[in-house]
Amino acid sequence: MNEILLGVDPREQSVPALVWAAEEAVRRGLVLRLVVAVPPAHDAVRYDAIAHQSALRTRAESAIANAEDLVRELHHGLRTATERVNGVPATVLCDMAQHVALVVVGSRRLGRLPEVFSESSVVAPLTARADCPVVVVRAPEHTTTHPPTVVVGVDGSESSQAAVAFALAEARLREARLRAVWVWPRSVLAHDDGEEGLAERRRLLADSLAGWAERYPDVAISQEVLRGHPVEQLALTSQESLSLVVGRRGRGGYSGMRLGSTVHGLLDRALCPVITVPLPRGERQTGHSAWADRSRSGTTDPPGPLPRSALGRADLHTGSTGSSPGSPGGAPRRPPTPSRSR
């Protein structure tokens with residue numbers, strides 16, 4: 001898990017997503033892999049379909065080259081690799097997510113229904129199915145707020161425990177505090193709406209965070225129980241946060257249903273990057289170091305290309321920025337290309 005994967009959109013590259021991914025790769029000491037996927041033509045025998053596919057490939061090549069140039073300007077020494085892959089973007093990124101620490105994508109703000117059912121949708125199906133944490137950068141992180149804060153949504157579930165593990169590791173990386181929030185929806189039953197109910201939620205929140213302060217003594221952890229709708233309250237916390245971390249717990253056939261209504265709502269409304277954390281594969285109970293260990297696993301591994309089994313539709317090309325062609329495990333440097341007009 002020695003790479004961060006950035007999905008490059010050839011139609012509209014998200015600069016905040018690219019900046020976030022590059023800075024995170026620098027913090028973690030990982031390789032940044034930039035990937036652009038070219039969807040298949042619906043009718044491969046028609047001349048106009050072939051011409052359209054050729055235009056898509058050209059646009060994809062330009063988009064990924066421009067993205068790599070911007071990364072080079074931001075962080076000259078950052079190790080990078082680039083790939084142009086043939087396939088449905090969401091499927092390509094999901095397949096590659098099995099072999100990376102994080103996947104980062106921007107959001108085109110399609111709205112809930114198009115984001116779930118549109119053929120070009122990436123955010124909802126990727127967030128619902130990826131085997132690693134997915135970062136959706138709809139809005140930049142709030143770096144001017146002090147102290148810097150990472151927010152994690154907690155509800156006592158195994159998935160929220162995985163989110164807490166990831167959020168603590170992220171807060172330590174950024175020298176930020178962790179704000180753990182339990183949202184308590186207002187009940188129609190009066191007897192469940194008093195001080196006793198509030199005390200019970202505070203106890204549950206404290207139980208969910210038990211033991212973490214000892215493991216992360218350098219991270220200040222605050223605990224809050226907020227009243228209201230989970231999406232509304234967590235979206236409010238995102239107004240002054242570096243990122244908002246939530247667990248993935250949805251089930252169902254369609255990607256949007258698998259994602260869960262709270263996470264789906266936050267992807268549409270949060271005002272900072274949203275990080276969705278799945279349970280680590282094969283874990284019935286969350287170990288305290290599960291995602292924390294995985295997030296740091298790439299710091300000692302040599303960089304290298306993804307296994308080709310994950311890239312069955314790959315054609316073209318890997319590259320490297322800031323590393324010599326003979327560096328151990330490094331991807332080969334991209335051959336010189338003609339100058340591009342900007």
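Q: How many of the five residues of strand β1 (residues 3-7) are buried?

A: This is a predicted model, in which local features need pLDDT of at least 70 and side-chain atom pairs count only at pLDDT 80 or more, while totals for chains, interfaces and linings use all residues. Residues are numbered from 1 along each chain as its sequence is written, and side-chain values use heavy atoms, with hydrogens and water left out. Strands (E, at least two residues) and helices (H or I, at least four) are DSSP runs numbered from the N terminus, and buried means under 20% relative accessible area, exposed over 50% and partly exposed in between (1.4 Å probe, protein chains only). Strand β1 is largely enclosed by the rest of the structure, because the buried residues number five of the five.

Q: Which residue of β2 is the bridge partner of L5?

A: Two strands pair if DSSP finds at least two bridges between them, and β1 pairs with strand β2 (residues 31-38) in the parallel sense over five bridges. Within this pairing, the partner of L5 in β2 is R33.

Q: Which residue of β4 is the bridge partner of I4?

A: Strand β1 also runs parallel to strand β4 (residues 102-106), to which three bridges join it. The β4 residue bridged to I4 is L102.

Q: Which elements do the buried residues of α9 pack against?

A: Helix α9 (230-237) is largely enclosed by the rest of the structure, since six of its eight residues are buried. These are P230, V231, Q233, L234, A235 and T237. With contact meaning heavy atoms within 4.5 Å, they pack against β6 (149-153), β7, β8 (221-227), β9 and α11.

Q: What is the relative accessible area of S238?

A: S238 lies in the loop between α9 and β9 (243-247). Leaving aside its neighbours within four places in sequence, S238 is in contact with H142, A270, L271 and C272. S238 is buried, and its relative accessible area is 0%.

Q: How many charged residues are in the lining of the second largest pocket?

A: The second largest pocket holds about 320 Å³ of space, and of the 19 residues that line it, the closest to its centre are D155, P230, L234, R249 and T262. Ala, Val, Leu, Ile, Met, Phe, Trp, Tyr, Cys and Pro count as nonpolar, Asp, Glu, Lys and Arg as charged, and the others, Gly among them, as polar. A pocket is an open set of points on a 1 Å grid over the protein atoms alone, where a 1.4 Å probe fits, with protein on both sides within 12 Å along at least five of seven lines, and lining residues have an atom within 4 Å of a point. The lining divides into nine nonpolar and eight polar residues, and the charged ones number two.

Conventions:
Grid points are joined across faces, edges and corners, and a volume is the space filled by probe spheres set on the points.
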